[in-house]
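Please open the model in your viewer and keep the sequence beside it, so that each selection can be followed step by step.

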Amino acid sequence: HPLTRQGQLGLGKALLKQKDAETALKKLALAVRGNQIDEVGAEAQFLIGECYLGLNEFDLALIEFKKVEAFKLFDHWQANALYGQSVALDGKGEADLATEQLKNLVDKFPRSTVAREARKKLNKKPGDDN
């Protein structure tokens, strides 16, 4: 039922805010279950990637963020997932690929909120703290 999935999403978000990524993963997986291409699924799939980032599981984060591409109708979550992929690549020490992903984000979703963040990162000079 859609409300059950929304409830699982809410629980997953709350657990993630409480820094309990492992339990959040279980709840978010229930929100994605059923392969329903809707906003609940898109957000839950994105948050699964965020959970793995929080656990420093960068390869798993990349895999989960890439799954957000299936939710084509939800540009917001796709843009956030591209940003998340950049963060995961950076965490893996792959700065050049992370930069390419930021450029990809700006090209695909130039008006998104995270594109502004991506532009800031791309324009940052070496040695800048902010």
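Begin by selecting helix 6, residues 95–108, in this predicted model.

Within helix 6, now colour the buried residues, which are Ala98, Gln101, Leu102, Leu105 and Val106. If you look down the axis of helix 6, these buried residues fall within an arc of 140 degrees, so they line one face of the helix. An α-helix has 3.6 residues a turn, so residues three or four places apart point the same way. Turn to the face of helix 6 that points away from the buried side, and you will find the exposed residues Asp96, Asp107 and Lys108.

What lies over the buried residues of helix 6? Show helix 5 (75–91) and helix 7 (113–123), which are among the elements that cover them.

Next, move to the largest nonpolar core, which has 29 residues, and select Leu9, Leu28 and Phe46, the members that touch the most others. Two or more residues of this core come from each of helix 1 (2–17), helix 2 (21–32), helix 3 (39–54), helix 4 (58–67) and helix 5. Helix 3 gives the most to this core, with nine residues.

Centre the view on Leu28 and, leaving aside its neighbours within four places in sequence, display its contacts, which are Leu9, Gly12, Lys13, Ala44, Leu47, Ile48 and Cys51.

To finish, select Leu105, Val106, Phe109 and Ala118, which are included in a second, separate core of nine residues. Two of these, Leu105 and Val106, you have already coloured among the buried residues of helix 6.

Terms used: Residues are numbered from 1 along each chain as its sequence is written. This is a predicted model: local features need pLDDT of at least 70, side-chain atom pairs count only at pLDDT 80 or more; totals for chains, interfaces and linings use all residues. Side-chain values use heavy atoms; hydrogens and water are left out. Helices (H or I, at least four residues) and strands (E, at least two) are DSSP runs, numbered from the N terminus. The expected span of a helix is 1.5 Å times one less than its number of residues. Buried means under 20% relative accessible area, exposed over 50%, partly exposed in between (1.4 Å probe, protein chains only). The arc is that of the directions from the helix axis to the C-beta atoms. Contact means heavy atoms within 4.5 Å. A nonpolar core is a set of buried Ala, Val, Leu, Ile, Met, Phe, Trp, Tyr and Cys residues joined through side-chain atoms within 4.5 Å.
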